[in-house]
Amino acid sequence: VWNIIKELIWIKMYFQRHSDEEILSMPLITDQKQLLSMRLLDQIVGYGVQADQHIEFLVAMVKAVKRTVKYGICKHAGLAFTFLSVVTLAQNDLKNAQRYANLAMTILDRTNGHGSGGLTYCVCATLSRSWNAKASQMIGLFHQGYHGSMGHGDLESGLMCSYLSLVSSYHDGYPLQMVNTAFRALTNEMNLYNVSSNIHGINQFKKLLPVLIGEQVVDWEQIALFGDTTTPSLAIPIRSAKNSFSSEQVVDWEQIALFGDTTHTVTGNSDPISEKQLFYPLIHGFMLRMQLSVLCSKFEVGDQLSKKLHKLNLQNDPSYETLTVVPLYTGLVAAGRYRETKNKKYMRQLRTMYKTSEKIWKTRGKCSMNRALIVKAEYKSLTVPSKDWRRVKIAYDMAIAVSVEAGEPFKSCGQVHEAALACELAGEYLLRVGRNEHATKYITRAYHFYKVWGATIKVDQLKHQRAQYIDQRELSGLPLSNQGNVTRKSSKVASKSRAVEFVGASLGDNAAETDLAYSLVYDAP
């Protein structure tokens with residue numbers, strides 16, 4: 001281990017003394033023995049990651065990077081630089097992590113290695129959110145990995161890129177109907193090629209998306225029992241905890257992840273299911289169900305799911321979605337349970353999630369800032385006296401503004417699902433403190449954003465429970481599509497104008513207050 005640390009320090013110092021141009025101007029490796037060595041190291045890196053053989057993976061990664069700077073570049077070096085970026089990012093060194101990831105992709109370009117770079121593009125796409133890449137840029141990297149891998153015959157890597165691009169699209173608020181259709185198409189493609197490596201994760205989305213878009217009725221009993229290790233019907237044996245992904249016990253992962261799943265089989269596939277294959281689908285399953293619980297105000301159900309989710313060792317899932325979405329919904333569940341029970345443990349949990357989410361966007365990029373601000377606003381709604389309701393209202397306005405600002409040219413309202421959630425939470429807070437006249441604007445916009453997202457379950461719920469606070473006149477002036485409605489500029493001035501639309505409108509014409517509110521969001525350290 002100490003030798004690996006020394007080698008990593010050597011690599012860091014080497015790259016401090018040499019520019020990217022120097023690295024990329026090195027000759028292509030043509031010696032067959034060196035190419036074979038790099039190919040073997042590339043395979044060890046890939047297999048080491050998949051099998052959680054951390055020492056072997058790190059040794060191979062270090063050797064591949066050092067051989068590259070000594071002998072030259074080749075397509076087999078891309079993966080080593082990619083995971084060097086992962087290791088560097090784990091130390092919160094964003095600048096060098098981004099540099100290594102860019103080097104990995106540039107090496108693939110220079111060596112025409114796109115066909116063998118599926119895993120490289122996959123990991124780089126996931127990492128890119130940490131240095132504020134747009135959603136379209138991230139998904140573009142996934143698509144590069146998909147087309148290169150499929151064209152090269154690496155079906156598993158190609159379909160994994162496609163799967164992860166859809167997961168990211170869902171969490172970035174793309175239209176639910178489009179995402180649902182895409183998951184079905186991906187399932188058909190996997191059946192066609194007889195690939196099943198991500199089928200259990202896909203099924204988690206396929207079971208929950210129809211509920212959100214109103215095609216199926218939610219079964220809360222089934223939702224609450226997801227991942228339940230005490231349900232007799234599951235007959236889950238407890239085994240040794242050695243090398244487990246669970247921090248407390250090992251369970252029958254297949255029975256847990258497939259609970260209630262009648263669509264998990266893939267034609268012609270009989271390969272055994274590994275614990276690792278089901279760890280990530282289980283996390284996705286928990287996150288999706290917690291989100292649904294929050295959206296439908298079923299906080300007791302969400303609390304049950306949250307407890308089971310946090311028994312897992314989430315550090316084994318470094319994905320940006322898990323890192324940022326789990327604190328959001330854990331915090332919102334805790335806030336809801338505190339309102340219901342007044343149990344102080346939920347306030348402590350909410351405070352922890354607030355601090356955690358704030359730390360994430362400050363150290364891992366601002367793409368998750370809106371999620372941190374939503375949790376912060378909920379925390380303020382429970383700690384700030386009701387007479388100071390305007391302070392809480394501004395906190396919600398911040399969250400809404402940043403959620404809207406997360407948009408891109410083809411999306412008129414940014415993180416539309418989280419903008420909707422922030423608007424709804426603000427409206428409900430204002431109703432609780434007796435500011436019904438202000439609540440109408442927020443609930444109307446929540447209704448609109450949910451409709452744009454395609455969440456029929458929420459549209460119907462608001463129509464049924466909060467119809468008197470939905471302003472039909474304001475709705476008529478809002479666009480009903482989230483595609484092609486905005487031409488945006490990249491300047492900070494353009495961003496400020498959109499933020500002022502949501503923040504400034506509620507603050508009135510007080511320019512000083514508006515600038516202060518804006519600076520709290522965009523000038524944060």
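**Helix packing and burial**

Modeller: Helix α21 passes helix α22 in a left-handed crossing (left-handed: the near helix is turned anticlockwise from the far one by less than a right angle; right-handed: clockwise). Helices here are DSSP runs of H or I, at least four residues, numbered from the N terminus. This is a predicted model, in which local features need pLDDT of at least 70 and side-chain atom pairs count only at pLDDT 80 or more, while totals for chains, interfaces and linings use all residues. Residues are numbered from 1 along each chain, and side-chain values use heavy atoms, without hydrogens and water.

Biologist: At what angle do the axes of α21 and α22 cross?

Modeller: Axes are lines fitted to C-alpha atoms over the stretch in contact, with angles from 0 to 180 degrees between N-to-C directions. The axes of α21 (residues 436-453) and α22 (residues 456-465) cross at roughly 155° and come within 8 Å. Therefore α21 is roughly antiparallel to α22 (angles over 145 degrees).

Biologist: Which residues make the contact?

Modeller: Contact means heavy atoms within 4.5 Å. From α21 come I443, A446, Y447, Y450 and K451; from α22, K458, V459, L462 and K463.

Biologist: How is burial read in helix α15?

Modeller: Buried means under 20% relative accessible area, with a 1.4 Å probe and protein chains only. In α15 (residues 299-309), 8 of the 11 residues are buried, so this helix is largely enclosed by the rest of the structure. Among the buried residues are F299, D303 and K308.

Biologist: Is V402 buried or exposed?

Modeller: V402, in helix α19 (residues 389-405), counts as buried because its relative accessibility is 10%.

Notes: Helix = DSSP H or I, 4+ residues; strand = E, 2+ residues; numbered from the N terminus. Parallel < 35°, antiparallel > 145°, perpendicular 65-115°, else oblique. Buried < 20%, exposed > 50% of the residue type's maximum accessible area, 1.4 Å probe, protein only.
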